[in-house]
Amino acid sequence: MVVARSRAVDAARAKADQYRWGAQVKVDAVGSASRVQRTGGDNRLPFPEAFNSLSAGVRLTIPFYTGGGLSSQQRQAAAQSRSAEQMLEAARRDVRLNVQQAWIGQSSSVAGISALRTALASAELQERAAATGREIGIRTQSDVLAAQAQVFDTKRRLNDALRDYERSRVALSAATGSLDETVLAEIDQDLGDR
């Protein structure tokens, strides 16, 4: 978007330059050639049978008075140039905002993944403790099932966080303009390894 907007600014500036007074002065090379053939008539006259005419020159065009049209076009082109520059700045702000949001999303995903991995290790330890407690008679089957449910729920939340991380990774790559097939292949590999 930024590249497209910068091209629009360049085009608007070039258009504004074409309405300068100096750009209105034009020098053209002109030339013509013609041949006139005499047909019929009296051959006794001392005129040749054909006439060749060649001319070459330079034409200079200078606008002395444009009736205000040129100055109106200059003002309009200048306004369009300023508008294109403002749109470019807006596009830059949008890109910065998108990059910041994607970076924050990716950073928070990393912190969430770390916390969920710790929670998963704790839930698995609690499940083993509940199973051991059931074997020795101080825990019930419902305690073991509750511990297993906690492990499954933590694994589900961890997988969701890992997918969110990959989404934010795609968003960050897209916002910075570096999203390509290699990034997508890495993400696909990461998702396949789980």
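## Briefing on a predicted helix-and-strand model

Ser109 counts as buried because its relative accessibility is 10%, where buried means under 20% relative accessible area, exposed over 50%, and partly exposed in between (1.4 Å probe, protein chains only). The model is predicted: local features need pLDDT of at least 70, side-chain atom pairs count only at pLDDT 80 or more, and totals for chains, interfaces and linings use all residues. Residues are numbered from 1 along each chain as its sequence is written, and side-chain values use heavy atoms, with hydrogens and water left out.

**Overall architecture**

- The protein has five helices and two strands; helices (H or I, at least four residues) and strands (E, at least two) are DSSP runs, numbered from the N terminus.
- Along the sequence, these elements follow the pattern α-α-β-β-α-α-α.
- Of the 194 residues of the protein, 20% count as buried.
- Among contacts (heavy atoms within 4.5 Å) with a separation of 6 or more, 71% join residues 24 or more positions apart.

**Surroundings of Ser109**

- Ser109 is placed in helix α3.
- A polar atom of the Ser109 side chain lies 2.9 Å from the backbone oxygen of Gly105.
- Leaving aside residues up to four places away in sequence, Ser109 touches Ala161, Asp164, Tyr165 and Ser168.

**Salt bridges**

- A salt bridge is a side-chain nitrogen of Lys or Arg within 4 Å of a carboxyl oxygen of Asp or Glu, and by this rule the count comes to nine.
- In helix α3, Glu89 and Arg92 lie three residues apart, about one turn of the helix, and their side chains meet in a salt bridge (2.9 Å, N to O).
- Glu89 is partly exposed because its relative accessible area is 32%; Arg92 is partly exposed as well, at 35% relative accessibility.
- In helix α4 (residues 141–176), Arg163 and Asp160 are also three residues apart, and the closest N and O atoms of their salt bridge are 2.3 Å apart.
- Glu166 and Arg169 form a salt bridge (3.4 Å, N to O), and both residues are buried.
- Salt bridges that share partners join Asp153, Arg156, Arg157, Asp160 and Arg163 into one network.

**Nonpolar surface patch**

- Val27, Val58, Leu60, Ile62 and Phe64 form a nonpolar patch on the surface, with about 560 Å² of accessible area together.
- Patches consist of residues with over 30% relative accessible area and no salt bridge; like charges are joined within 9 Å, and nonpolar side chains (Val, Leu, Ile, Met, Phe, Trp, Tyr) within 5 Å.
- Accessible areas come from the Shrake-Rupley method with a 1.4 Å probe; for residues, only the protein chains shown count as cover.
- Ile62 lies in the loop between β2 (50–61) and α3 (69–136), and Ile62 is partly exposed because its relative accessibility is 31%.

Note on methods:
A polar contact is a pair of N or O atoms within 3.5 Å; within protein, one must be able to donate a hydrogen and the other to accept it, and residues adjacent in sequence count only if both atoms are side-chain atoms.
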